[in-house]
Amino acid sequence: MTITAASLLAEGIRRLTLAGLECARQDALHLMASTLETDRLAVYVEPRRRVDERAAARFMALVDRRAGHEPVQHILGFEEFRGLKIAVTPDVLIPRPETEGLVERALELLAECPRALVADIGTGSGAIACALAASRPDLEVLAVDQSLGALAVASENVRALGLASRVRLLAGDLLDPLASLDGSLDMVIANPPYCPSGVIPTLPVEVERFEPRLALDGGPDGMRVLRRIIAEAPRFLRPGAWLLMEIGEEQAGPLASLMAAEGFSRIGARRDLRDVERYIEGSWSEATASAPLTGTAAQRTDAERTDG
């Protein structure tokens, strides 16, 4: 019996739909394109393309993995991030569109800072560090992670994207590996774990079962690591430099208060494409520790500001 791309794709969609996957068609299309070593458009425009039995078996094996809720990115081994092909494994968090917004804001803040030195804390796959370096050929990025598995993935991405001369990988806990750089950084950027511990069991299976807990669990209120970064970052920032972080819902107010107390100014929260306060930023200036907050964070009540 002749197997066509269209019939095989239909069977893949059917199986993924039965597994309860909302993106069954999209996922099956990704897996089909990978199996046939082509792009998704070609699968659509060549529905009668013949598929040999070996390729069909490979496709169905991938479908079976996805039906078990293994992320497509793990099955394919990569995710697209700001136009870059970023390798991913279960050792790292899968890059998400929200984090693309973090990179976009970082580039805005660094627009008038030539040859900037940036530290990406908790780099994971290296997606943030690589995206920054790829967008700005004059940037140097120090990418830090305590997970050796994550650093191996980041190293693969840095090499594959030709960024090894400007992205340096460092092993250690948060800012500890930067001990010799007091007052030297133009930005500390981070997408740290910010999920409350109790929420993690309620996350989608793809996240809870397959992504590293170290990159997700932010402690009882989700802000354990965020607090540490806020407290430790000033030592490494030059005056006027920025701290920029991705954060969880309802965390902007307490974190803004902590940043003000540490001496940050121009503090503000920004929303992602889903209208959620997802990013917080502040400029380091020790002399303005009592400066008023700006933007959304300034609208918090006094009670909210003492939560953290």
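Tutor: Start with contact, which means heavy atoms within 4.5 Å. Leaving aside its neighbours within four places in sequence, Arg-25 is in contact with Ile-13 and Tyr-44. This is a predicted model, in which local features need pLDDT of at least 70, side-chain atom pairs count only at pLDDT 80 or more, and totals for chains, interfaces and linings use all residues. Residues are numbered from 1 along each chain as its sequence is written, and side-chain values use heavy atoms, with hydrogens and water left out.

Student: Is Arg-25 buried, partly exposed or exposed?

Tutor: Buried means under 20% relative accessible area, exposed means over 50%, and partly exposed lies in between (1.4 Å probe, protein chains only). Arg-25 has a relative accessible area of 48%, so it is partly exposed. Asp-27, in contrast, is buried, at 6%.

Student: In which helix is Asp-27 found, and which residues does Asp-27 touch?

Tutor: Helices (H or I, at least four residues) and strands (E, at least two) are DSSP runs, numbered from the N terminus. Asp-27 belongs to helix H2, residues 24–36, and Arg-25 is also placed in H2. Not counting residues up to four places away in sequence, Asp-27 touches Leu-16, Leu-21, Arg-66 and Val-72.

Student: What is the order of the strands in the open sheet?

Tutor: Strands of a sheet pair through backbone hydrogen bonds, either parallel or antiparallel. Two strands count as paired if DSSP finds at least two bridges between them. Here the open sheet has seven strands in the order S5-S4-S3-S6-S7-S9-S8, with mixed pairing. Strand S5 (167–171) and strand S8 (264–271) each have a single partner strand, so one side of each lacks a neighbour in the sheet. From one strand to the next, the twist averages 15 degrees.

Student: Which strands does helix H6 touch where it packs on the sheet?

Tutor: Axes are lines fitted to C-alpha atoms, for helices over the stretch in contact, and angles run from 0 to 180 degrees between N-to-C directions. Helix H6 (residues 97–109) touches S6, S7, S8 and S9, and its direction makes about 165 degrees with that of S7. Helix H11 (residues 252–262) also packs on the sheet, touching S7, S8 and S9, with its direction at about 5 degrees to that of S9.

Student: Which residues of H6 are buried, and what covers them?

Tutor: Among the buried residues of H6 are Thr-99, Gly-101, Leu-102 and Val-103. Their cover includes strand S1 (78–81) and helix H7 (127–135).
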